[in-house]
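Okay, thanks for having me, everyone. Let me put it on the screen.

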Amino acid sequence: MKKAIYILGFFVSCNLFFAQKDHIAFFAGLELQPALNGYAPAFQMNGRLYVNDRISLGGALAYTQQNHSNNFGYLADRTRSYHTTFNLLAQNDLIQKENFSLGVYISTGMYFLSLVNPDETYTETTYNQIEGVWFVHQQEVPRKLSRDLFYNIQPGLDLSYKLGTITKEKIGIYLTSRVGYQFVLGNGDITNGTQLTKPIVSLGITFNGPK
């Protein structure tokens with residue numbers, strides 16, 4: 001774990017040595033996310049700001065949910081788990097060709113796991129002020145049974161193939177596959193990090209170009 005933190009720290013320190021470029025990348029797609037029962041399809045997105053021609057820094061978010069017939073020891077006929085990861089991300093594009101790129105990345109952050117009873121709900125009230133007028137919004141949300149927090153590290157590869165360019169803005173559109181391994185550290189009420197430590201793979205679209 002210390003080595004991974006040192007590597008991430010090295011990428012972040014590149015900000016001190018290279019001038020910031022007016023260049024960003026945004027990825028959105030589907031990921032096979034390790035969950036309580038095997039894998040679950042998750043929405044995954046990340047945004048990166050390039051600090052030089054190859055190295056970029058940013059953040060990544062993944063979210064999925066899974067239904068369970070197991071009550072995990074709680075008074076419930078069935079349960080549902082919500083899985084969310086929020087990571088800091090550093091990537092180095094080692095190979096950059098006209099229509100192909102290969103990068104290595106490492107991300108680290110938090111893995112949030114919530115367990116709810118979908119058959120038992122309560123009314124949640126929120127208040128929003130718009131132009132001096134207060135609005136009240138009420139919705140029925142499932143009763144929370146458990147909430148666990150883990151630490152995770154994900155090293156991996158980013159493989160991108162160029163599909164085309166938005167000519168006016170000179171933004172490249174890439175079909176991207178990201179393949180890595182997720183290490184989850186910690187223990188929770190209904191599982192431990194070992195159960196969530198598995199390979200991960202995602203497929204989606206990357207937009208890469210000037211801001």
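Predicted model: local features only at pLDDT ≥ 70, side-chain atom pairs only at ≥ 80, totals over all residues.

Leaving out residues up to four places away in sequence, Val-184 touches Tyr-111, Phe-150, Tyr-151, Asn-152, Gly-193, Thr-194, Leu-196 and Thr-197.

Now, aromatic rings. The count comes to three aromatic pairs. One of them is Tyr-111 with Phe-150, and that pair is edge-to-face, with 6.2 Å centre to centre and 80° between the planes. Why does this pair tie together parts that are 39 residues apart in sequence? Because Tyr-111 lies in strand S5, while Phe-150 lies in strand S6, residues 133-166. Are these two buried or exposed? Tyr-111 is buried, and Phe-150 is too.

Compare that with Tyr-181 and Phe-183. Their ring centres are 4.9 Å apart and the planes sit at 45°, so this pair counts as tilted. Tyr-181 is partly exposed, at 33% relative accessible area, and Phe-183 is partly exposed as well, at 37%.

On to charges. Here's the general idea: side chains of opposite charge can pair when their charged atoms come close. In this model the count comes to three salt bridges.

First up, Asp-119 and Arg-78, where the closest N and O atoms are 2.9 Å apart. Asp-119 is in strand S5 and Arg-78 is in the loop between S3 and strand S4 (79-96), so the pair ties together parts that are 41 residues apart in sequence. Both ends are partly exposed: Asp-119 has 46% relative accessibility and Arg-78 has 35%.

Next, Arg-143 meets Glu-120 in a salt bridge, 3.8 Å from N to O. That one links strand S6, where Arg-143 lies, to strand S5, where Glu-120 lies, so it ties together parts 23 residues apart in sequence.

And then Asp-158 with Arg-178, with the closest N and O atoms 2.6 Å apart. Asp-158 lies in strand S6 and Arg-178 in strand S7, residues 171-185, so here the parts tied together are 20 residues apart in sequence. Asp-158 counts as buried because its relative accessible area is 4%, under the 20% cut-off. Arg-178 is buried too, at 4%. And Arg-178 has another neighbour to look at: it lies over the face of Tyr-105, at 4.0 Å from the ring centre.

There's a lysine doing something like that as well: the charged end of Lys-198 sits over the ring of Tyr-39, 5.4 Å from its centre.

Tyr-39 brings us to strand S2, residues 39-50, where Tyr-39 is on the uncovered face. The covered face of S2 includes Ala-42 and Gln-44. Who are their partners? Ala-42 is the bridge partner of Glu-31, and Gln-44 pairs with Ala-62 in S3.

How many bridges join S1 to S2? Eleven, and the two strands run antiparallel. They form a hairpin with four residues between them, and Gly-38 in that turn has a positive phi of about 70°. S2 and S3 (residues 55-68) also run antiparallel, joined by eight bridges, and a hairpin of four residues connects them.

Terms used. Residues numbered from 1 in each chain as written. Heavy atoms only, no water. Buried < 20%, exposed > 50% of the residue type's maximum accessible area, 1.4 Å probe, protein only. Pairing = 2+ DSSP bridges. Contact = heavy atoms within 4.5 Å. Phe/Tyr/Trp six-rings, centres within 6.5 Å; stacked < 30°, edge-to-face > 60°. Lys NZ or Arg CZ within 6 Å of the ring centre and 35° of its normal. Salt bridge = Lys/Arg side-chain N within 4 Å of Asp/Glu carboxyl O.
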